[in-house]
Each structure stands twice: as structure tokens, then as C-alpha cells.
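Take a look at the sequence and the 3D view, then read on.

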Amino acid sequence: MFLQQLINGIALGSTYALIALGYTMVYGIITLINFAHGEIFMAGAFVGMLLVSYFKLNIFVAMALSMTFCMILGVVIELIAYRRLRRSSRLSALISAIGVSIFLSSLALMIFGADAKAFPDNAFPLHQIHIGNADISTLQISIIGISALLMLTLEFIVQKTKIGKAMRATSEDYTAAALMGINVNRVISFTFALGSALAAAGGMLVGLLFNAVTFNMGLMAGLKAFAAAVLGGIGSIPGAMLGGVLLGVTEVFGVAIGYSSYRDAIAFAILVLVLLLKPTGLLGQKIQKKV
Amino acid sequence: MADFLQSLVGSIDPYTLQILVNIGVAIPLALGLNVITGLTGQLSLGHAAFMSIGAFISAIFTNRLGLPFELNLVMSGLFTALIGVMIGFPILRLTGDYLAICTLGFAEIVKVVFLNLDITNKALGLQVLPAKTVIPMPILVWVVAILAIIFVTFLQSSRFGRALKAIREDEIAAEAMGINLPRYKVQSFAIGTFLAGIGGALYAHFLSYINPSDFGFLKSVDILSMVVLGGLGSIPGTVFGAAILTAAPEFLRFMSQYRMLVYGALLVCLMVFRPNGLLGGVNFTGLLMRALGRKAHETLPHIVERNEL
């Protein structure tokens, strides 16, 4: 029972972590809460579902294509809705992000309708594996595996490549990075592309896990992933991973011990408690106030 | 008197009346958030939660106790403010986005709790009995809205309001000037949530049906958009924003299915082309003085809003 719930929790949590990474990276660089991120996650799920059900593509090919699509979507959104607002009030950028989010979810509602769509039955080869007394599906294992792989790739890009170095420099000090000859606009576009690709993968995995893709799935998932990013310490990449998994596991255990009607409140209650005890999140750096 | 007011209300076309009342309900809500976010600079993403607390408390006061509506309004406002203080005291130590996410989290918790309580009729929502008052509801709503506008206008230019603005501009400098940060922040939160509670009570009695799901994140965002769209910290701006955003979905009704699509796109366009809000940075006192034929510089010099938030 314990092992079963733990695996369920980690699988759910790794999808939260995938979405949370996009929030945390964008926040780390331009201190914007990108509220449209949840809708990119939704778009990723829909594009993936379309590719699998109408073009009969293999699920992994569909995932790669859907990630590419969302990369472009993310970059375009940044270009249209955020770039011109970079020097103005952060709240204006936030409202702009909310506008994009309303736009995308109503677009999805118009195209796909209000009822839930699902991936075709044979989209993913499902098997149950028994470990001890736990039933673990190949889907759960794949979700954990794919998430881990994507996160390792991200860690590699951020730590070892030149553009990753530029990202770290820009998030450390935007102006100084620009003065050192880093093309800040390109770095920001790249960050949006990376985050959106991860969200698209997350969207497809969640669509498979719950067997439902809806126009408003981005809202709650986005909020919880954002909570996960803050829980881990916003701006910190390992923090987002830790926060996501932690949130997923607690949520699953909360439901398992009988608080299922409080499901959505569990994540936020933990968030509020952690913030009150450690205001910068679990792995967040202490921000020095300067006069 | 009551008959006269009733006939006055009756003479307005019901559809227009409904939009007008919706605007009147939105004004105290938006002004409350304007005190917290616009004046004090504390970003709250959970204003709808306080609205829902006011709405449910007032509904219970009416349904179970049969309180007269005027008393009911004040009581629900005060009760909401009390909860606001209880919540505000611990969380207002946080700053910036951490505060924002904390208020968001709190709002989600309130929603889920209301969805599970018996007294709020769980997910079915609560039917609200007609308000016990002789004044017709639309008039009452607008009286409250105008009182709220007057109250916040005076608040803004008072010593207290200037302290709040100082906190918004620079917390460290404000503290160095002897402003007690926690006290002022909690007080501003209390005033903001008081107005939210009153707005919620009006909403509940005008619609006569409330459901916890109506007060989710999107409602908070709605109210925040009103404040930011009109111009942060500007009272005419907030009233204007409340009017526009309440009426916009109605005006867009002719394109029915594209309505929300256009609404989202409009929000983005407005922010991209007027990032400080429609009326942000407009000096109304100066304009008024000029219209009256006096020189504008006799009024206080216009302070350029800083865009740190």
C-alpha cells in the first residue's frame, strides 16, 4: 500500500515538476509569473492527442512534435505579450500573461469543445507490473523515466552549454549580462522555449495518466505547479523538481488517508505552511535587502 | 420615499439595470484591492476569497438570523476584516511574489473548505433570501459604492494613506522614517478585506444564489485586472476599470462564442499599449483645477508612479 501510493505520488509529482520548471526558469530570468504557462501545458496535451488520434503517430514522435510546437508557441507569446512590457510594471506583465491565458483556453474551448477528450486506447502499451504488493503500470514508470530524462537534459543544458551559462548569467544580473555582450533577448526566448517544451511533455503525460484532455486543465495544474516552484524556492531548478515531487506525494497520501474532498487544498496548505516557516522556499536563496 | 425609489428603479430597462448593479457591486471589491495592492503595494491574488467570506456570512445572517440588510452589510464587512487581520498578520511578513502565492493558496483553501461545509450547503451552493430592507437593491448597491469611493478618496490623502504609499514606494525608507510596517500593512489589509466583504454581501443578495466555485482564482484575477487596467493606485482608474471590465463581456455578447477570446486579447493589447493602465499617471486634481480656471501647479506636484511592483 505504502509503495503503491509512493509510486502514484512520484508519478503525479514529476508531472508537476515538469511544469514547475518552466515557471521557475522564466521567473529566475525576468521575474515574471508566466500565468500562460498552464495553457501551454494544455496546448501540448491537445496537440499530442491530435497527432496520436488523427495522424496515428507513435506516442514518442507525437511528444517530440508537440514539444516543438509548444516551443514555438512559448517564444511567440513572449514576443507578443511580454517583450514590450519588460521595462514596465511587473503587474502589467502579469495581467498580460493572464490575458494570454484566457485567450488560449477559450481558443481551445472553441476548437475542441467543453467535454474531455482522451488519447486512443492503444496509444500507450499498458501493462501492470507487480512489485511486492503494489501494482505499478508501465505508464507510471514511463512518466517517471521521461520526466527524469528531461530534467537531466535540462540540467545538462543549463550547467554545461554556452547558452546555459548565458542563462545563469542573465538570471544573476540582467544588466551586467547584457553589458558583457550576452544577447539577452535570445536568452529569454530560449528560456521560454525550454520551459514550454517541458510543459508540453508534462501535458501529454498528464493526459495519458488521467486519460482526459480538457480546455481548462491548465488552470489547476498551472497553479499547483506554480505552488511547487515556490515551495522549492522560486528561481531554483532543483527546487522546482523537489517541490513538484513533494507536492505530488503529499497530495496522493492526503487522498489515500481519506481527505479526498480536500484534494486541491492539500497542496496549498503545505505551501502556505512552508512559506510561513521558511519564506524563501525549501532551496531558495536568501534575498539580501539592499538600500 | 420607498415607493418613489422603487418606481425610479422600475423606469430603467432591466438589462441596463443589471449591468449597472454589477458595476456597483464591483466597485467596493476593486477599491478594496486597490487599497492593498495599489496603495500599499502588497500583491494579493486571493481577493475573491474575502469576497466569498463576506457573501456567505451575509447570506447566513439573512437566512438564519433575519438581520436587517444595512446592519448585515456592516457586520459581514467587519467579520471579513477580522478574518483578513487573522490571515494578514502572519502572511504580510512575506514580500512580493511569495505574498502573492500565499494569498492565492489561502483563497484556494477557503474555496475548498466552503465546498465541504454543511452550513454553506457544500457544492450545491446557497440560496439567499431577499434582503430585509426598504431601499431597492440597485439604489442600495450604488449608495454603498459611492460611500466606498468617498471613503477611499479620503483615506488616500490622509496621513494614514500617505504612510501606505510610502510603504509601496520603498519599505526600507518608510521604516527608517518611523512607519510601523507590520501595523500599517495589516491595517491596510483589514480595510481592503472589509470592502471585499461588503462587496461579497451585495453580490450575494443581488444574485440571491452563491456557490463557492464562483469565487475561484479567476474571480480574483477579474478584480485584479480592474485595478491594474484602470491604473494602480488611482481611484478614478479603479472605478473606470470596474465599469469597463464588468460591461465589456456584455458589449462583446454579439460575438457570443468569441467573447472570451476577444476579452483575453484585449487585456494583452491594453497592457502592451498602456502598461500603466488606462488612467494611470493622469493627474485628476490638476485637470479639475485647470477646468475650473486655476493654474495646475497650485495643486500638489504630481508624483510619478514608480513601477517596481
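## Surface of chain B

Of the 309 residues in chain B, 54% are buried, meaning under 20% relative accessible area (1.4 Å probe, protein chains only).

## About the model

This is a predicted model, in which local features need pLDDT of at least 70 and side-chain atom pairs count only at pLDDT 80 or more, while totals for chains, interfaces and linings use all residues. Residues are numbered from 1 along each chain as its sequence is written, and side-chain values use heavy atoms, leaving out hydrogens and water.

## Overall form of chain B

Chain B holds 13 helices and two strands, taken as DSSP runs (helices: H or I, at least four residues; strands: E, at least two). Its C-alpha trace spans about 50 × 45 × 45 Å along the principal axes.

## Where chain A meets chain B

Here 47 residues of chain A are in contact with 44 residues of chain B, contact being heavy atoms within 4.5 Å. The area buried between the two chains is about 4000 Å², with carbon and sulfur atoms giving 79%; buried area is the accessible area (1.4 Å probe) that two parts lose on being put together, summed over both. On the chain A side, A:Leu91, A:Ile95 and A:Leu276 lose the most area to chain B, together 16% of what that side buries.

How values were computed
Chains are lettered from A and ligands numbered from 1 in the order in which they are written. Buried means under 20% relative accessible area, exposed over 50%, partly exposed in between (1.4 Å probe, protein chains only).
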